[in-house]
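Please open the model in your viewer and keep the selection tool at hand. The tour moves from stop to stop, with a short note on what to select at each.

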Amino acid sequence: MRMLEKMPERFEGPSAWVGADMAERREAWLHDLTAGEVAELEAAARAFAGTGRDIGEIKAEAFPLPRFAGHLKEVSDKLLNGCGFEVMRGLPVEWYDQRMAATIYCGIGAHLGRARSQNAAGHILGHVRDLGADPDDPNSRIYQTSARQTFHTDSADVVGLLCLQEAKEGGDSLLVSVETIYNRMREARPDLLALLFDPIATDRRGEVPEGMEPWMSIPPLSWFGGKLTVFYQRQYIDSAQRFEGAFRLTPAHVEALDLFDTLANDPALHLRMRLAPGDMQFVHNHGQLHDRTGFLDWPERARRRHLLRLWLTVDGDRALPPVFAERYGSITVGDRGGIITPATRLHAPIDPQG
């Protein structure tokens with residue numbers, strides 16, 4: 001409870017949004033691409049393709065957007081200082097091959113931040129598909145299954161998705177504000193809220209840096225530099241209990257985590273959307289949780305649900321608590337997040353199995 005004494009009684013402002021309200025104010029987070037913006041993106045992508053360079057090497061200066069760059073600056077401000085997310089709609093991916101779509105997507109990402117590796121191989125372009133992984137395997141990645149995820153954060157400042165194909169049924173995207181969850185917990189159960197600032201263990205799921213434990217001891221909630229920052233993946237918290245030496249969850253901790261999940265899953269608090277082909281979603285990872293419902297895919301391989309993912313580090317973002325170094329390595333603003341080893345070479349695999 002002593003931690004709560006240092007913090008606001010209640011968060012206000014655009015980042016403490018409520019899903020039911022945001023569903024009615026789509027103009028606050030949805031941008032329909034104009035024909036002129038699409039043409040500018042396509043021209044930049046064709047010019048970059050002519051250089052023969054790997055998409056993973058795209059920088060903003062190599063992907064000039066004379067007009068659309070102004071909107072992307074507004075997006076950056078919205079991510080860091082506003083509601084924390086935006087969806088850009090209307091990229092005609094059905095007319096592109098996968099390389100063209102990926103080039104445009106990575107070019108936009110280069111104007112928002114710098115891409116970070118999503119695995120030790122240096123892949124800055126992730127492929128979110130059902131690859132048949134076992135969701136019950138403690139070393140598997142849920143995004144490689146069709147199972148329901150849980151509300152969670154990723155290891156970057158900003159997480160982006162571009163939808164290429166949607167599922168036959170389900171696969172909806174869910175977002176929720178951590179400040180809104182805090183407000184509700186502080187009002188109803190401040191005793192449980194205080195426990196979420198404890199160094200609760202999170203499973204690394206087999207990706208263990210040299211010299212580190214197979215879990216991280218990063219609190220789900222941190223108050224640092226005047227900001228409430230979230231780090232959360234309930235499935236990985238639960239599976240970390242398999243390790244001797246990991247922080248032991250008491251019944252009160254479990255109750256606190258259950259209440260946190262209940263609030264995140266409240267349809268009145270979270271925002272639910274179905275990403276259609278050509279939709280690009282960008283989410284500030286430190287103030288929002290994201291989720292995906294389970295889905296039923298198409299039997300034809302070419303029609304199966306497929307999204308491209310970016311992890312970005314962003315200039316001007318908040319400082320992170322020192323304990324985040326357990327996951328991020330460097331916590332230097334603008335140069336943090338992702339999975340980097342000495343042998344990592346950043347590149348963007350076009351094939352989802354690559």
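Rings of Phe, Tyr and Trp (its six-membered ring) are taken as a pair if their centres lie within 6.5 Å, and planes under 30 degrees apart count as stacked, over 60 as edge-to-face and the rest as tilted. By this rule the protein has 9 aromatic pairs. Select phenylalanine 11 and tyrosine 182, whose ring centres are 4.9 Å apart and whose planes stand at 70 degrees, so the pair is edge-to-face. The pair links distant parts of the chain, since phenylalanine 11 belongs to the segment before helix H1 (19-24) and tyrosine 182 to helix H5 (residues 178-188), 171 residues apart.

Before going further, note that this is a predicted model, in which local features need pLDDT of at least 70 and side-chain atom pairs count only at pLDDT 80 or more, while totals for chains, interfaces and linings use all residues. Residues are numbered from 1 along each chain as its sequence is written, and side-chain values use heavy atoms, with hydrogens and water left out.

Buried here means under 20% relative accessible area, exposed over 50% and partly exposed in between, with a 1.4 Å probe and protein chains only. Phenylalanine 11 counts as buried at 9% relative accessibility, and tyrosine 182 is buried with a relative accessible area of 1%.

Among the buried residues of H5 are Ile181, Tyr182, Asn183 and Met185. What do the buried residues of H5 pack against? Their partners include strand S7 (173-177), helix H6 (190-195), strand S10 (221-224) and helix H8 (251-264).

Next, select helix H2 (residues 35-49) together with helix H4 (residues 98-112), which pack at an angle of about 105 degrees with their axes 9 Å apart. That angle makes H2 roughly perpendicular to H4, a class that covers 65 to 115 degrees, with angles under 35 counted as roughly parallel, over 145 as roughly antiparallel and the rest as oblique. On the H2 side, Leu41, Glu42, Ala45, Arg46 and Phe48 meet Met100, Thr103, Ile104 and Ile108 of H4, where contact means heavy atoms within 4.5 Å.

Stay on phenylalanine 48, which lies in helix H2 and is buried, with a relative accessible area of 2%. Leaving aside its neighbours within four places in sequence, phenylalanine 48 is in contact with Arg53, Asp54, Ile55, Ile58, Ala62 and Thr103. Proline 64 is 16 residues from phenylalanine 48 in sequence and 9.5 Å away in space, C-alpha to C-alpha.

Aspartate 172 is 103 residues from leucine 275 in sequence, yet their C-alpha atoms are 6.9 Å apart. Beyond neighbours within four places in sequence, the contacts of leucine 275 include Leu161, Cys163, Gln281 and Leu307.

Finally, show the whole protein, with its 9 helices and 18 strands. Buried residues make up 55% of the 354 residues.

Conventions. Axes fitted to C-alpha atoms, helices over the stretch in contact; angles between N-to-C directions. Helix = DSSP H or I, 4+ residues; strand = E, 2+ residues; numbered from the N terminus.
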